[in-house]
Amino acid sequence: MIAFKEWTLVCDALGRGEQSIILRKGGIAEGRDGFRFKHDEFLLFPTLFHEQAAKLRLPADTPLPAPREDGQIEIRYRARVEWTRDVADWELVQRLAPFHLWQESEIEKRFRQDDTPGVSLAFIRVARLSQPFLFPDAPRYGGCRSWVDLPELPADIAVSPVFDDAVHHERERQLRAVVGT
């Protein structure tokens, strides 16, 4: 089972249906070729670090969830990539602001991270797991990498879309109007 590492508060926003895109530049472990959405379907692996609340457009008093005390990782969402696009136009990236929670300064940092300005955009469909997927944390899940291999998802865990087809298609229509595809 493949998982995509994303900030916990972003995973929560995706799971609440407040966001339907992921913007990524890639971590240190992505290598010379940079980041790519190389999997069509994946679990959302929530990552914790204390600065993430300040880098998102959320109320200042938004609490950061604490790690589980039992040393388990808890995954609650699966994502399916509908389509992707590399975006190298900063003005276009700025027009994506209504579709995500990141502060503009954080997105610009990613955009200008290396010699090739740009970010990878994915329009995704998020589904909620019928029960949390729990497994022990391990060092292999750490580090600056976007993709991690997980244990297999138990067969008794079902998924259901976070919102209905009509809402999903309307979001896609709005996003395509902005990106011009």
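## Contacts and the nonpolar cores

Contact here means heavy atoms within 4.5 Å, and the model to which this is applied is a predicted one. By that rule, and leaving aside residues up to four places away in sequence, Ile22 touches Phe4, Glu6, Leu14, Phe37, Phe42, Leu44, Trp102, Ser120, Leu121, Ala122 and Ile124.

The largest nonpolar core has 41 residues, and those that touch the most other members are Ile22, Leu23, Phe42, Leu44, Leu121, Ile124 and Leu175. Strand 5 (residues 119–136) gives the most to this core, contributing six residues. In soluble globular proteins, nonpolar side chains tend to be buried together.

## Helix 1

Helix 1, which spans residues 8–16, is mostly covered, with eight of its nine residues buried; these are Thr8, Leu9, Val10, Cys11, Asp12, Ala13, Leu14 and Gly15. The buried residues of this helix pack against strand 1 (2–7), strand 2 (21–24), strand 3 (41–47), strand 4 (72–87) and strand 5. Just after helix 1, Gly17 takes a positive phi of about 80°.

## The cavity

One cavity of 30 Å³ or more is counted, and the largest cavity holds about 40 Å³ of space. The largest cavity is lined by Cys11, Asp12, Leu44, Pro46, Glu74, Ile75, Arg76 and Tyr77, a lining that divides into five nonpolar, no polar and three charged residues. Helix 1, strand 3 and strand 4 each supply at least two residues of this lining, and strand 4 gives the most, with four residues.

Key. Residues numbered from 1 in each chain as written. Predicted model: local features only at pLDDT ≥ 70, side-chain atom pairs only at ≥ 80, totals over all residues. Heavy atoms only, no water. Core = buried A, V, L, I, M, F, W, Y, C linked by side-chain atoms within 4.5 Å. Buried < 20%, exposed > 50% of the residue type's maximum accessible area, 1.4 Å probe, protein only. 1 Å grid on protein atoms, 1.4 Å probe; cavity = no way out; pocket = protein on both sides within 12 Å on 5 of 7 lines; lining within 4 Å. Points joined across faces, edges and corners; volume = space filled by probe spheres on them. Nonpolar A, V, L, I, M, F, W, Y, C, P; charged D, E, K, R; others polar.
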